[in-house]
Amino acid sequence: NKQVILKNYVDGIPKETDMEVKLGETIKLTAPKGSSCFLVKNLYLSCDPYMRGRMRDFHGSYISPFVPGQRIEGFGVARVIDSDDANYKPGDIICGITGWEEYSLLRNSDNLQLRKIQLDEDIPLSYHLGLLGMAGFTAYAGFNEICCPKKGDSVFVSAASGAVGQLVGQLAKLHGCYVVGSAGSKQKVDLLKNELGFDEAFNYKEEADLDAALKRYFPEGINIYFDNVGGSMLDAALLNMKVRGRIALCGMVSLQSLSSSSQGINNLYNAIPKRIRLEGFLQSDYLHIFPQFLENFKGYYKEGKIVYIEDMSEGLELAPAALVGLFSGKNIGKQVVRVAEE
Ligand code: NDP
């Protein structure tokens with residue numbers, strides 16, 4: 001059973017060499033009787049920035065660290081091969097937390113956020129890791145529940161071409177908002193403007209002064225900032241928010257790549273006179289609206305109201321590079337890895 005192993009805890013930007021792809025134990029392709037487990041063949045794995053947080057020796061977070069020397073795990077789509085759980089039958093396709101390996105033995109009671117996937121010929125299976133999975137749901141819950149969008153609002157999204165950002169921007173357009181995205185290359189900026197329907201987009205790496213860049217695109221200020229990156233972009237956004245603006249603190253990928261210290265925020269004072277509401281959130285707090293999200297996003301996608309960009313790496317051997325690539329912006333759209341043919 002080929003596996004991706006975490007070799008050591010990581011400080012700073014994760015590297016491919018922090019992981020190793022190697023043959024683990026030979027396993028029987030059966031679920032032990034009486035175990036309540038089921039055995040899956042992993043088909044697609046999701047690369048997510050939060051996984052960086054599990055690569056350090058820190059136990060105070062909402063999720064426990066990976067164990068050096070053992071295989072890592074994350075969201076995946078897999079096919080059930082054998083089962084000792086009456087709820088999962090051979091042939092079922094599931095989405096949930098699975099091992100970064102060819103085959104995994106899973107137990108529903110291990111809080112794996114498992115759900116069965118209804119096959120739909122219009123929707124590729126891997127989309128359940130992004131459009132119809134955690135990324136899509138983060139965009140949906142974060143934008144609708146935290147940002148309280150109104151028609152005509154000015155919306156700024158960072159890491160806008162990524163898994164979450166691309167969907168936040170398109171949702172904002174569906175709400176009748178003016179939407180600007182930032183991203184880290186010309187190719188991504190073009191994608192935002194030409195394929196994802198953003199009104200404007202800019203390459204933050206080419207802006208010496210982020211405050212000036214935001215003033216250029218939002219001369220009258222920002223109603224909603226959906227923050228995927230934290231750090232200096234959040235600091236600049238604070239200077240440009242309108243009175244009663246909303247900031248959804250979704251993720252801080254710019255800080256995840258740093259070592260233990262964090263970049264300072266100098267402009268937080270603005271939140272007081274401008275009565276800005278900053279709210280952090282975890283998508284997992286909103287699972288009660290997941291069915292509503294699935295129905296809406298499936299509909300939007302099938303009706304052509306939203307498009308979805310996916311970046312697929314081929315094979316478990318390339319999984320470490322794919323994961324590490326999130327922190328240099330190598331991915332264009334949602335990063336997934338195909339582990340096996342369907
Ligand atoms: P993406 O697909 O957006 O991939 C990460 C992107 O971040 C890269 O492509 C890169 O794009 C950008 N990036 C990397 N390093 C930096 C940096 N130093 N400064 C600025 N941008 C950087 O990832 P996701 O869409 O999956 O995740 C986006 C954010 O949402 C993350 O912060 C993640 O942790 C968070 N998240 C939060 C959840 C929640 O429940 N709160 C759930 C899921 C995700 P570019 O080339 O544009 O720089």
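This is a predicted model: local features need pLDDT of at least 70, side-chain atom pairs count only at pLDDT 80 or more; totals for chains, interfaces and linings use all residues.
In what follows, Ala, Val, Leu, Ile, Met, Phe, Trp, Tyr, Cys and Pro count as nonpolar, Asp, Glu, Lys and Arg count as charged, and the others, Gly among them, count as polar. With that in hand, let me start at the ligand. The shell of residues around the ligand holds 16 nonpolar, 13 polar and three charged residues.

The model has an ipTM of 0.99 and a pTM of 0.96.

Back to the ligand. Which of the 32 residues around the ligand come nearest? They are Gly-162, Gly-184, Gly-251, Ser-254 and Gly-329. Three helices each give at least two residues to the shell: helix 2, residues 134-146; helix 3, residues 163-174; and helix 7, residues 253-256.

Now the domains. The protein chain is split into domain 1, made of 2-130 and 309-338, and domain 2, which is 134-284. Between the two, 17 residues of domain 1 and 19 residues of domain 2 take part in the contact. On the domain 1 side, the residues that touch domain 2 are seven nonpolar, six polar and four charged. The centres of the two domains, taken over C-alpha atoms, are 28 Å apart.

Helix 5 covers residues 210-217, and its residues Leu-210, Ala-213 and Leu-214 are buried. If you look down the axis of helix 5, the buried residues fall within an arc of 95 degrees, so they line one face of the helix. What covers them? The cover includes strand 8 (154-157), strand 10 (200-203) and helix 6 (231-240).

That brings us to helix 6. Seven of its ten residues are buried, so helix 6 is largely enclosed by the rest of the structure. The buried ones are Gly-231, Met-233, Leu-234, Ala-236, Ala-237, Leu-238 and Asn-240. Among the elements that cover them are strand 8, strand 9 (178-183), helix 5, strand 11 (222-227), strand 12 (241-249) and helix 7.

I will finish with two single residues. For both, the cut-off to remember is that a residue is buried if 20 or more other C-beta atoms lie within 10 Å of its own.

Ser-158 sits in the loop between strand 8 and helix 3. Is Ser-158 buried or exposed? It has 29 other C-beta atoms within 10 Å, and therefore it is buried. Leaving out residues up to four places away in sequence, Ser-158 touches Gly-165, Ser-182, Asp-227, Asn-228, Val-229 and Met-233. Ser-158 and Gly-184 are 26 residues apart along the chain, with 9.6 Å between their C-alpha atoms. Gly-184 was among the residues that come nearest to the ligand.

The other residue is Cys-37, in strand 3, residues 37-46. Cys-37 has 22 C-beta neighbours inside 10 Å, so it counts as buried. Again leaving out residues up to four places away in sequence, Cys-37 touches Ala-31, Pro-32, Asp-84, Asp-85, Leu-105, Leu-106 and Arg-107. From Cys-37 to Tyr-217 is 180 residues in sequence and 53 Å in space, C-alpha to C-alpha.

Technical notes: Residues are numbered from 1 along each chain as its sequence is written. A residue is near a molecule or strand if its C-beta atom, placed from the backbone, lies within 6 Å of it. Helices (H or I, at least four residues) and strands (E, at least two) are DSSP runs, numbered from the N terminus. Domain bounds come from an automatic or database domain assignment. Two residues are in contact if their C-beta atoms, placed from the backbone, lie within 7 Å. A residue is buried if 20 or more other C-beta atoms lie within 10 Å of its own, exposed if 12 or fewer, and partly exposed in between; C-beta atoms are placed from the backbone. The arc is that of the directions from the helix axis to the C-beta atoms.
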